[in-house]
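Keep the structure in view as you read.

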Amino acid sequence: MFIAFALGASAVLTFTRNEAITASMGKVGVPGTWFPWLASLKAAGALGLLIGLGVPLIGSAAAIGVVLYFIGAVVTHLRVKDYEIAPPVVLALLAAAALVLRVLSA
């Protein structure tokens with residue numbers, strides 16, 4: 001549940017072009033035109049994780065998508081030698097934990 005909230009908050013900050021988010025994304029070379037798409041992916045992941053509380057298959061798919069999204073974010077930061085990767089690493093680990101818990105509880 002926490003990961004869905006954190007991901008939803010991140011989506012809102014991306015949609016509204018929060019200064020910290022835009023600075024971080026600008027640092028790694030993400031064009032401003034991508035912001036709505038990336039925010040939509042985050043929002044879809046958050047919604048999928050919440051729906052996954054009742055529909056396990058959707059929750060597992062959403063968790064896999066969120067993990068892949070944030071692995072991509074970490075790789076992007078590392079490729080441009082920006083080592084401020086704590087937020088995407090934490091969110092990727094939380095999504096991975098949600099996936100592991102979903103699989104173990106099935």
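## The largest pocket

The largest pocket holds about 600 Å³ of space. This is a predicted model. The lining of the largest pocket has 25 residues. Ser24, Met25, Lys42, Ala73 and His77 are the ones nearest its centre.

Which helices supply the lining of the largest pocket with at least two residues each? They are α1 (2-15), α2 (19-27), α3 (35-51), α4 (56-79) and α5 (86-105). By class, the lining of the largest pocket has 15 nonpolar, 6 polar and 4 charged residues.

## The second largest pocket

The second largest pocket has about 280 Å³ of space. Its lining is made of 17 residues. Nearest the centre of this pocket lie Met1, Ile3, Leu49, Leu53 and Ala98. Two or more lining residues come from each of α1, α3, α4 and α5.

Which element gives the most to the lining of the second largest pocket? That is α5, with 7 residues. The lining of the second largest pocket divides into 12 nonpolar, 4 polar and 1 charged residues.

## The nonpolar cores

Now turn to the nonpolar cores. The largest nonpolar core has 15 residues. Ile3, Leu7, Leu49, Val66, Phe70, Leu91 and Ala95 have the most contacts inside this core. The elements α1, α3, α4 and α5 each give two or more residues to this core. The most come from α4, which gives 6 residues.

Take Phe70 as an example. Phe70 has a relative accessibility of 5%, so Phe70 counts as buried. Leave aside the neighbours within four places in sequence, and Phe70 is in contact with Leu7, Pro88, Leu91 and Ala92.

## One aromatic pair

How many aromatic pairs does the structure hold? It holds 1. The ring centres of Tyr69 and Phe70 are 4.9 Å apart and the planes meet at 80°, so the pair is edge-to-face. A pair of aromatic rings is described by the distance of the centres and the angle of the planes.

Is Tyr69 buried or partly exposed? Tyr69 counts as partly exposed because its relative accessibility is 21%, and buried means under 20%.

## A residue in α3

Ala46 sits in helix α3. Its relative accessibility is 7%, so Ala46 counts as buried. Which residues does Ala46 contact, leaving aside its neighbours within four places in sequence? They are Ala4, Leu7 and Gly8.

Compare the position of Ala46 with that of Met25. These two residues are 21 residues apart in sequence. In space they are 20 Å apart, C-alpha to C-alpha.

## Two positive phi angles

Most residues other than glycine have a negative phi. Arg17 has a positive phi of about 55°, although it is not a glycine. Arg17 is placed in the loop between α1 and α2. The relative accessible area of Arg17 is 42%, so Arg17 is partly exposed.

Lys81 also has a positive phi, near 60°, and is a residue other than glycine. Where does Lys81 lie? Lys81 is in the loop between α4 and α5. With a relative accessible area of 61%, Lys81 is exposed, because exposed means over 50%.

Methods: Residues numbered from 1 in each chain as written. Predicted model: local features only at pLDDT ≥ 70, side-chain atom pairs only at ≥ 80, totals over all residues. Heavy atoms only, no water. 1 Å grid on protein atoms, 1.4 Å probe; cavity = no way out; pocket = protein on both sides within 12 Å on 5 of 7 lines; lining within 4 Å. Points joined across faces, edges and corners; volume = space filled by probe spheres on them. Helix = DSSP H or I, 4+ residues; strand = E, 2+ residues; numbered from the N terminus. Nonpolar A, V, L, I, M, F, W, Y, C, P; charged D, E, K, R; others polar. Core = buried A, V, L, I, M, F, W, Y, C linked by side-chain atoms within 4.5 Å. Buried < 20%, exposed > 50% of the residue type's maximum accessible area, 1.4 Å probe, protein only. Contact = heavy atoms within 4.5 Å. Phe/Tyr/Trp six-rings, centres within 6.5 Å; stacked < 30°, edge-to-face > 60°.
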